[in-house]
Amino acid sequence: TNREILVQVLERLGARVHQAESGEAALEAVRWERPDLVFMDMRMPGMNGVEAMQRLRSEHGPLPVVAISASVMEHERQYYLKTGFDAFLDKPFRLEHIYACLEQVLGVQYEYAAPKEEAVVAVPVALPAELAQRCREAAQFYRVTELRSCLAEIEALGEGGQRLAQRLRERVQAYDME
């Protein structure tokens, strides 16, 4: 799931993305086409991320590699950086962290579109506390399927619910879970 989210974010930025399910598959993929950057999960079938990164570099020379892990303790982050990774991304992903990582490692610069001016007509909606809490938790933990189910419930609350659900769907599409 995390890999799919990362792929979608990168593709929306215009990147061409190749996926590999293991360190061995990543080594094989790089043999065919050298990427600008590799995002490497630390826990994979076969070899771990550190070993895969070291083999990638021994076989292909300098290559930017970003460590990805759900283990987000500071000593673990520092360990990965000391072993040679160029950056560290924690899971679940935050869009702003992915952008910052690309900026740091590749020097990517972003062009931001001017915000659209739109007239918003407020239509009140009473959101049940239990539903609001489920939405918050689903967004916080990037549980997109659960969040979409919550949005369907919000939509059923009438015109105000439909407008709110539409605005929140736009945020989910952009992976803006804040």
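Reply: P92 sits in the loop between β3 (87-90) and α5, where helices (H or I, at least four residues) and strands (E, at least two) are DSSP runs numbered from the N terminus. This is a predicted model, where local features need pLDDT of at least 70, side-chain atom pairs count only at pLDDT 80 or more, and totals for chains, interfaces and linings use all residues. Residues are numbered from 1 along each chain as its sequence is written, and side-chain values use heavy atoms, with hydrogens and water left out.

Me: Is the peptide bond from K91 to P92 cis or trans?

Reply: Cis, with omega near 0°.

Me: OK, new topic. Which residues have the most contacts inside the largest nonpolar core?

Reply: M40, M42, L56, Y80 and F85, in a core of 18 residues. A nonpolar core here is a set of buried Ala, Val, Leu, Ile, Met, Phe, Trp, Tyr and Cys residues joined through side-chain atoms within 4.5 Å. Buried means under 20% relative accessible area, exposed over 50%, and partly exposed in between (1.4 Å probe, protein chains only).

Me: And which elements give two or more residues to this core?

Reply: α2 (23-32), β1 (38-41), α3 (49-60) and β2 (65-69). α3 gives the most, with four residues. Apart from this core lies another, of 17 residues, including V9, V66, F93 and Y175.

Me: What is M40 in contact with, leaving aside neighbours within four places in sequence?

Reply: A26, G49, A52, M53, L56, V65, V66, A67, I68 and F85. Contact means heavy atoms within 4.5 Å.

Me: Where is L63, and is L63 buried or exposed?

Reply: L63 is in the loop between α3 and β2. L63 counts as buried because its relative accessibility is 3%. Beyond its neighbours within four places in sequence, L63 has contacts with V30, R34, P35, V38, L56, R57 and D86. The C-alpha atoms of L63 and D86 are 9.2 Å apart, with the two residues 23 apart along the chain.
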